[in-house]
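Good morning, colleagues. Please take a moment to look at the structure on the screen before I describe parts of it.

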Amino acid sequence: MSTLDLFSVTPPEAADLLSRRFRDWFASRGWSPREHQLALLAKAREQRSALLIAPTGAGKTLAGFLPTLVELSGEQDRKDSHLPLKGGGRHARGRVSATERDGWGPAAGTEQAADPRPNFPPFRGKESDDRASGEEMAAEKVRPSLISTGRSVRRTGGLHTLYISPLKALAVDIARNLETPVAEMGLPIRIETRTGDTPVSRRQRQRRYPPDILLTTPEQLALLLASDDAPYLFSSLKRIVLDELHALVTSKRGDLLSLGLARLWTITPQIRAIGLSATVAEPEQLARFLVPQPGGEFASADVVTAGGAAPPVVEMLDTRERLPWSGHSARHALPEVYELIKRNKTTLVFVNTRSQAEMLFQDLWRMNDDGLAIALHHGSLDVAQRRKVEDAMAAGKLRGVVCTSSLDLGVDWGDVDLVINIGAPKGSSRLMQRIGRANHRFDEASRAVLVPANRFEVLECAVAIDAIAENAQDTPPLRTGALDVLAQHVLGCACGKPFLSDELYDEVRTSAPYAALARSDFDDVVDFVATGGYALKTYERFARIKQDKQGRWRVANPKVRQSYRLNVGTIVEETMLKVRLVRSRAGGSGSTGAIARGGRMLGEIEEVFIEGLVVGDTFVFGGEVVRYEALVEDQVYVSRANDKDAKVPSYMGGKFPLSTYLAERVRKLLDNSRAWNALPDQVHDWLSLQKKYSRVPAVRELLVETFPRGGSHYLICYPFEGRLAHQTLGMLLTRRLERARARPLGFVANEYALAVWGVGDLSFMIRQGRLDLNALFDADMLGDDLEAWLAESALMKRTFRNCAIISGLIARRFTDEEKSRRQVLFSTDLIYDVLRKHQADHVLLRAARGDAATGLLDLRRLGDMLSRVKGRITHKSLDHVSPLAVPALLEIGRESVYGEASDELLAEAAEELVREAMT
Amino acid sequence: MTAGALASETSDEMRVTKVTVADVGFVADCSGALFWEEQRLLVVSDLHLEKGSSFAARGVLLPPYDTVATLSRLAAVIARHDPRQVIALGDSFHDRTAHERLSDADREALAALQARRSWIWISGNHDPALPSDLGGVVATEVAIGPIAFRHEPTGASGEIAGHLHPKARVPTRGRSIERRCFASDGERAVMPAFGAYTGGLSIRDAAFARIFGSPGFTAHVLGDNRVHAFVASRCY
């Protein structure tokens, strides 16, 4: 990227694209329009959709809105301002009158008639020659003039620009930020937000009198589209701005948004899109999202890349302390982290999980002798509390904020001059986005310090730093649209104007994630929405959507529409339980005496986490160590524990596994012993020892070590494919080892390795030819073994539950009338069992399998790994544990997984209680 | 994947767990049924047949396979014990008109199960008025020897009831496991729900305290191949 030169933009270009008012405004702030801001203006004038790739702090948001502000200022090039609006009629109502503040617009009191004529001053800049063909001109539309009536509510020519943000808080912040230039330039523009929090009265008004710019979320867009008046509301729309597109497209929300876009392209073919994104691996692919995909072909929006950000300065903390073998807390480095916070103005300390954030925050406070203002920010905290932290940060009142990915996105708060990333970076793009948070000056380098929490993480940090130096991105490829999201969309469409299957199928395929959707899948989804899609046709009379004589689908009754409204969206929250602080109950876990109800609400916690606890366990929450007392309905009662350390240290390694790209680089680093010299001595020595005692795996090789230890026999392999894929591998391997009579007892998976232990002497079995490693790691484990495991996998059941909710099979929110029935709800696990047995190819099971490929089970990655290592398995039979195996073995007992075999666990638990009773 | 896993895999025979009520020992089948060997009497509770279509009628299109799933489980447990008599302990049908929605195939399957044995439908709150054409006899409660079979538990001694759908969450290492269970204290028992779509109520709920008085009763938790006993106070 070239360095930004503010003066590289020649004045005539700026003058061509920006009126005097805008140029003056930039000047008044001491700014010049940036190259990419002007580039987007030029794209807008050419009627092109564009994807802006820019680092944080590059004025991305302003760039995205500038074309809209210019067009709405009434000072736009005349050519952009013609032709009557389609869907006429409505302008007759839009009697607009206004005063103009600075003489650029029509005179005060001008009345706009149904057919607005261009009444803007002629544009004085140079005419661009690559102007639209006649056809484009015909398609082009004009906004009626936009006139301000001052502060009061103005009637306008309808909605001009829709802005979509992944966070509703962001929409609100952007609106606030946008008000500034609009007010300072005195632009006659009405800006409003619409989120789940917007009062009904304002929502209704927004439908009738839409603002010029509406800032909203993908879910709200879906809701707006699922109404009869969507064509009215959107017919005037010219532009849609998609913020943080790189983040949106990686989830099902992106799928939902893409379907909404497809709908908009049908309603309003003239709209153009602007995508705003951090740097991604494949910009052309991401740019496909912004334009209709023409039947099976490939179309992309133009890509504009902002140059100029100084490359970040990233270093690894060269700790004076001993580097831990395992764990994720980085406690050894905390005094050094504290020093860094002290030496900088505002530091963001990123960690990977909520519980890490909790613990770190607590530890920092314990050593906070200087009374530095350090705050905590993560997704499970109360919204009001998070908001308070964000405001304090914006006001420059905080010296440090310990946060999770909850601060990955969002507007820039305050002058962050240092980012500390604790633990594994996981991916280079993710890390670069975090580092971009230290961007108080765009043209100054962001500074970041990586703090590895264990030796493997040192390797990961080292390759991440190299990757950043090369600006190497590892964002995932564009998703294939999920079928459960499509089901939700189909129901939404039926809530609006009735649709024909053929037409909707063609429309859906204009969206990039669904471009390759098979007609049979689409038909199955429609069938599912209508009657459940079951092989038995017994539900025809219960249909939720029905076809009329012309074949158009519409909702069968208003209740279906109501239920759709309540359940729109693709974010299936983990079932959360409210955590309340009560006084400890002395009777111990055995007592049933009612514990004091009520208690101060500390926040919310995932049900799955609590399910892993036993009454009496301690964990960190809300910045303190608490003791788990009881679970009553959706309330978790905890008491203050006086323990310094929590018994349950952390759970899981965070949501995101190590990226395939960084994993590959780590394997390359291991394979290149000369490169080890650049690593800290402790790590260098560790690897050298491994080389001497066992072997360091080559890039494409899978090293498998077997050794005895403490009466058990261990098998450990190093695929470097992330915890999720390893966990699935562990489940499948133990099944196979059981069949081979190797009598496995358990396994533990981390980001880098998988260790299985058991009774059988694996080294001996391999020597005797009774256990063939090539067969053990053969990709055919993804056949029958996987099938058998999926039948009982808790992770698969969770995946299925999400699909059942998103697809609308079951509701998560109820109408008042239904609420009383909540107690007669059913478990999706039971539905999964029954459906799997009786209709294994049902569309919801297909959707769940699609998710399993990349989600919690990471099957695709496991499959890729198995084919990579085929014929490249190296076995080392050792006398004792190898240096490389130590970190994984240390995690046994802390994070081990015991499979899904419930009988054995129940038997063990029962026996334990018996033993307890006998002593 | 524990040592226990291998033990249970090597022996196909299921271990027999007994639930005792008023000195009568019942075999607790891990399907959720009770079998009284001397009487050759099999008891199942809360089949909730046609729960799927009941929800479907209200717009929640659950898979319509629950009846066939429940009946095939019932067929399996009947084949295991070959009872002379079967008691369905109430809420056999999910709603008042559920029996009308039975498919012909399910109706035939049910008739096949009823052949060569006596069959008693105890009415429950979901199915208070069962028709007579279902085969078997309909009753509100049945007493055999010292045991009274009724749908809703009253807490009386010698009572076997259903209605509450007991389930228990058991802490194990690694994670906790939640399963359906029998609840009993030797004097009375509450049976788990047998239906494919029936969820459960935690045995720590106050409803159980009302029946058993103290949390000293036992949760006989249904495993895949056997039943495991826990003191209810240790479950949650």
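Let me begin with chain B, which holds 5 helices and 16 strands. Please bear in mind that this is a predicted model. The C-alpha trace of chain B spans about 45 × 40 × 35 Å along its principal axes. Its radius of gyration is 17 Å, which agrees with the value near 18 Å that a compact globule of 236 residues would have. Of the 236 residues in chain B, 52% are buried. As for contacts between residues at least 6 apart in sequence, 67% of those in chain B join residues at least 24 apart.

I now turn to chain A and to helix α12, residues 252–267. At 1.5 Å a residue, its 16 residues should span 22 Å, and the end C-alpha atoms are 23 Å apart, which agrees. Is this helix mostly covered or mostly uncovered? α12(A) is mostly covered, with 13 of its 16 residues buried.

My last topic is a sheet in chain A. Five strands form an open sheet with mixed pairing, in the order β24-β25-β23-β22-β26. β24 (744–749) and β26 (873–877) of chain A are at the edges with a single partner strand each, so one side of each has no neighbour in the sheet. On average, neighbouring strands of this sheet are turned by 20° against each other, direction ignored.

Pro744(A) has Gly758(A) in β25(A) as its bridge partner. Helix α26 of chain A, residues 723–739, packs on the sheet and touches β24 and β25 of chain A. The direction of α26(A) makes about 170° with that of β24(A).

Technical notes: Residues are numbered from 1 along each chain as its sequence is written. Chains are lettered from A and ligands numbered from 1 in the order in which they are written. This is a predicted model: local features need pLDDT of at least 70, side-chain atom pairs count only at pLDDT 80 or more; totals for chains, interfaces and linings use all residues. Helices (H or I, at least four residues) and strands (E, at least two) are DSSP runs, numbered from the N terminus. The radius of gyration is taken over C-alpha atoms; the globule rule is 2.2 Å times the number of residues to the power 0.38. A residue is buried if 20 or more other C-beta atoms lie within 10 Å of its own, exposed if 12 or fewer, and partly exposed in between; C-beta atoms are placed from the backbone. Two residues are in contact if their C-beta atoms, placed from the backbone, lie within 7 Å. The expected span of a helix is 1.5 Å times one less than its number of residues. Two strands pair if DSSP finds at least two bridges between them. Axes are lines fitted to C-alpha atoms, for helices over the stretch in contact, and angles run from 0 to 180 degrees between N-to-C directions.
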